[in-house]
Every structure is written in structure tokens, then in C-alpha cells.
Amino acid sequence: MKNKTLIKLALSTAVVGFTALGGAGVVASSAATHASADANAKKAHSWAKKAEKLFAKGKTDKALPLAEAAVEADLTNMEYRSLLARIYMSQGRFVAAERTFMDVMELGQVDARTVIGVALTRIAQGKVDSAVSLVDANRAILPASDYGLTLALAGDSKRSVDVLVDAIRADNATARTRQNLALAYALDGRWREARIMAVQDMPQDRVDARIVEWAQYARPGAYQTRVAGLLNVTPRADSGQ
């Protein structure tokens, strides 16, 4: 914000001196500024594209510096920041991911993926009340399956079960919704219902392994384990962006 204000003041000063000094210097300066901005935008786009391809291949260590460079070159681009946040998340860097997802929201992009991203990073850090408040405030834009799962991970398993049971009763219920409900049952201590729901979409031997995994998630305060396990990431010590 300070940088933007300084730019505006500089432009105002240039306009004030325009008549006395002649237009050539100001026009040249403006053209140079636009050329520099265009060059930065092209570089940012190229870096972001490369980062996205590497990220899709699972090469997050190589994707990260390119995504960071793209954001630095184009600070107002929400897509580049969203990509960077997802890379941070995939590396188990929940502090950096939360801050970057919040940057996306502050720039004006408040969609389901971003809201859920912020909520998951907060749950992983044990900030469950904040996560629940966020998803409740944005309930209207969240799919019931994602909303219910987030509540379960945050420890609000009873309300999660209610939300997901209602979703299951809808005509468009999916295997993903059923598995989220199975996990919600498990985190609510309802292991029989969890097994019955889980077996609808996977063979028995996989259900047994999943139940063992969910038992780890059900431990009190195991918020980071839940999020990291579901995302299949390894948490890292993280001081932020």
C-alpha cells in the first residue's frame, strides 16, 4: 500500500512539472515504466506456468522458487499466489500456506478452494475455532462434503455427521461424501457406522487398514496428523513465507 501511494505521489509530481519542463521526459519515463511492468508480467507468467507443470509432476522443490518468483514479479495476481499456497501446503508448510491463502482472499478471491485451504492450514496448527468460524461464515459457497469434512477434522464431529448424513440423502451423493461421513463417524467414536459406510466403496482389507489409520486421527488433539494424513504430506518446521 505504501509503495502504491509513493507511485501515485511521484506521478502527481511529474504532472505538476509537465508544463514547465516539457513533455518529453515524462512520456519517456512513463513508457519505460509500462515496458518494465509488461516485462515483469511476461516473466511472472512464464515462471508460474513452469511452476504449475513441475507441481503437477510432484516436483515441488523445483516448483517452489519459480512460484515465489512469479508472485514477487506480479504481486496482485491471485492465481500465482493460489499456486504458491498449494505448493506450500503440499510441502507441509502450514504457516506459509495459511498466510498465502489469506493473501489470495485479501486480494478478492474468496472461493471454496481458498476457504478450505485456509481452514485446513489452521486446523493443522491447532487453530480449530478460527477454522470453524471461517467455514461457517462461508458456508454458502462450500460443497457439503468439504464443509462436513472440515468440521470433522476440527473436532466438531457431531455436527459434521449431521451435515454429511444430509448430503448422503441427496440424489447426488458421491463416494467421496460417503467416505467423509465414514471418517466423521470414526472421529465421533462411532466405529461400527464408520466401517459400514467405508465398506460401500472399498474392499474389506482396505477398510481394515483405513480404520487403523483413522484411529490415529481420533486421538485427542491430533489435528496436524489428520490434515497431514489426508493430504499425504509430511509437516515441516515453518516460520512462514
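Start with helix H8 (residues 128–137), where Val-128, Ala-131, Val-132, Leu-134 and Val-135 are buried; buried means under 20% relative accessible area, exposed over 50% and partly exposed in between, with a 1.4 Å probe and protein chains only. Looking down the axis of H8, those buried residues fall within an arc of 160 degrees, so they line one face of the helix. The arc here is that of the directions from the helix axis to the C-beta atoms. All of this comes from a predicted model, in which local features need pLDDT of at least 70 and side-chain atom pairs count only at pLDDT 80 or more, while totals for chains, interfaces and linings use all residues. Residues are numbered from 1 along each chain as its sequence is written, and side-chain values use heavy atoms, with hydrogens and water left out.

**The chain as a whole**

- The protein chain has 14 helices and zero strands; helices (H or I, at least four residues) and strands (E, at least two) are DSSP runs, numbered from the N terminus.
- Follow the sequence along and the pattern reads α-α-α-α-α-α-α-α-α-α-α-α-α-α.
- Of the 241 residues in the protein chain, 40% are buried.
- Take the contacts (heavy atoms within 4.5 Å) with a separation of 6 or more: 50% of them are between residues 24 or more positions apart.

**More on helix H8**

- The buried residues of H8 pack against H6, H7, H9, helix H10 (157–169) and H14.

**Helix H14**

- Helix H14 (residues 223–231) has Arg-226, Val-227 and Ala-228 as its buried residues.
- Their cover includes helix H6 (94–106), helix H7 (112–124), helix H9 (144–153), helix H11 (175–187) and helix H13 (204–217).
- Just past the end of H14, Asn-232 takes a positive phi of about 60 degrees.

**Salt bridges**

- There are 16 salt bridges in the structure; a salt bridge is a side-chain nitrogen of Lys or Arg within 4 Å of a carboxyl oxygen of Asp or Glu.
- One of them pairs the side chains of Asp-103 and Arg-99, at 2.9 Å from N to O.
- Asp-103 and Arg-99 sit four residues apart in helix H6, which means about one helical turn separates them.
- Asp-103 is buried, with a relative accessible area of 14%, whereas Arg-99 counts as partly exposed at 33%.
- Arg-99 also forms a salt bridge with Glu-106, with the closest N and O atoms 2.9 Å apart, and Glu-106 is exposed at 55% relative accessible area.
- Elsewhere, the side chains of Asp-201 and Arg-178 meet in a salt bridge of 2.8 Å, N to O.
- Asp-201 lies in the loop between helix H12 (191–198) and H13, and Arg-178 in helix H11, so this pair ties together parts 23 residues apart in sequence.
- Asp-201 is partly exposed, with a relative accessible area of 30%.
- Salt bridges with shared partners link Arg-81, Arg-99, Asp-103 and Glu-106 into one network.
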